[in-house]
Amino acid sequence: MKRLVIELCCCIALTACGNNRETKTIEEDLTAKALLQGIWIDDETEIPLIRIEGDTIYYTNPQNVPASFKVMKDTIYVYGSNTTAYKIDRQTEYSFWFHSLDEEVVKLHKSENPEDTLIFKDQEVEVIPTTLEVIKKDSVVIYDGTRYRGYVYINPSTMKVTRTSYSESGIGVDNVYYDNVIHICVYEGRQMLYGKDITKNIFSVVFPEELLNQMILADMNFMGINSRGYQYQATLRIPESSVYNLVNIAIGFDKQISIKKSGINRFIYFSVISGVEVAYRFSGYCCDYFHCDVRLLYNRLVHVRQKNAVYIRELHRVLQEPEFYRFLSQESSLYS
């Protein structure tokens, strides 16, 4: 649950992270960068955490993408799919302490064991599959006395999606996932009335680029036929999270496609171990989410250093609304 709160903070700060101007105006501390070269061990676990070589940070998990970095003043900036800043508390030749996004002090010491290099040797980034095999779904509907069958084929692909995730201690890393291509088709008897391969790029008309880039096209369902044509509903999901959006696809009898977010995207609920996670659509912004402990969330958010004032003001406004608290208290009992 703690990680979900951290991820929200970083989702809300996404625009600020990608447009941080401070990193462009402050001179890089090359001496501090030189001190960081080598393998660094977690003080608590005595397990290697990162290897720094040149301008790049390498991680022990082969699913984590290496990231470039710079040190400026008392902050280390890590450049992945988002830019993340960590305040440095202490740095010597053999020790390195910094604040995570969760405001915990991560304490590292430099490895003096040559065998630790084996953990990072010849390490290639592993791409995480989201669908292991082709999934086929079909549905039969009757419209205006005619029997129709709609098909969905969810196909694994080699298209890659990079998503930033966060450890329990608040350290951000990028993982790479394979996206899907979904084929949809509608038949009347043996005659195919419509068929098309769908990728997530078709949904750029309803999602901002920053959000769409981190989502996969996870699922599709044939919903039926009405006077407007063939109706499908797509699910776009952020990998390895419970955050998703439902999108309605209407294919007219003239084969023209119209796309619209489902109304359910305003509030989406998930049962979780210690509470209810809520997806809430901020006014004019992308669909973000947070746990019902909203005060804790806000306290975490204000500590994110790449703050975007507009997002924070909007979140603060939402948190002050009595109707919002009443809504949470009423709905939480239904999903706990």
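## A cavity lined by β2

Strand β2 gives the most to the lining of the second largest cavity, with 3 residues. This is a predicted model, in which local features need pLDDT of at least 70 and side-chain atom pairs count only at pLDDT 80 or more, while totals for chains, interfaces and linings use all residues. Residues are numbered from 1 along each chain as its sequence is written, and side-chain values use heavy atoms, with hydrogens and water left out.

The second largest cavity has a volume of about 130 Å³. A cavity is a set of points on a 1 Å grid over the protein atoms alone, where a 1.4 Å probe fits but cannot get out; lining residues have an atom within 4 Å of a point. Points are joined across faces, edges and corners, and the volume is the space filled by probe spheres set on them. By this rule there are 3 cavities of 30 Å³ or more.

Which residues line the second largest cavity? They are L49, I50, I52, I57, Y59, I76, V78, Y86, F96, F98, I171 and G172. Four strands each supply at least two of the lining residues: β2, β3, β6 (75–79) and β8 (95–99). Strands are DSSP runs of E with at least two residues, helices are runs of H or I with at least four, and both are numbered from the N terminus.

Strands count as paired if DSSP finds at least two bridges between them.

On to the next partner. Another 4 bridges join β2 to β3 (residues 56–59), again antiparallel. R51 stands opposite Y58 in β3. Between β2 and β3 the hairpin has 2 residues, and G54 takes a positive phi near 65 degrees.

## An open sheet of four strands

Elsewhere, 4 strands form an open sheet in the order β14-β15-β16-β17, with antiparallel pairing. Why is one side of β14 and of β17 left without a neighbour in the sheet? Both strands stand at the edges, each with a single partner strand, so one side of each has no neighbour in the sheet. Neighbouring strands are turned by 25 degrees against each other on average, direction ignored. The axes here are lines fitted to C-alpha atoms, and angles run from 0 to 180 degrees between N-to-C directions.

Inside the sheet, 8 bridges join β15 to β16. Y232 stands opposite I249 in β16. In β17 (residues 257–261) sits S258. S258 touches N248, I249 and A250, not counting residues up to four places away in sequence. Its C-alpha atom is 9.9 Å from that of Q231, 27 residues apart along the chain. Is S258 buried, partly exposed or exposed? S258 is partly exposed, with a relative accessible area of 42%. Buried means under 20%, exposed over 50%, and partly exposed in between (1.4 Å probe, protein chains only).

## Nonpolar cores

The largest nonpolar core has 29 residues. I184, F203, M220, Y232 and L236 have the most contacts inside it. Such a core is a set of buried Ala, Val, Leu, Ile, Met, Phe, Trp, Tyr and Cys residues joined through side-chain atoms within 4.5 Å. Elements giving two or more residues to this core include β12 (172–188), α5 (209–212) and β15 (229–237).

Leaving aside its neighbours within four places in sequence, I184 is in contact with Y151, V152, Y194, G195, K196, I198, M220, Y232 and I251. Contact means heavy atoms within 4.5 Å. A second, separate core of 22 residues includes L36, I57, F98 and V106.

## Positive phi in loops

Two loop residues other than glycine stand out here. D144 has a positive phi of about 55 degrees. D144 lies in the loop between β10 (135–143) and β11, and counts as exposed at 72% relative accessibility. K255 has a phi near 70 degrees and sits in the loop between β16 and β17.

## The whole protein

The protein holds 8 helices and 20 strands. Buried residues make up 47% of its 336 residues. Of the contacts with a separation of 6 or more, 51% come from residues 24 or more positions apart.

Key:
On a 1 Å grid over the protein atoms alone, a cavity is a set of points where a 1.4 Å probe fits but cannot get out, and a pocket is an open set with protein on both sides within 12 Å along at least five of seven lines; lining residues have an atom within 4 Å of a point.
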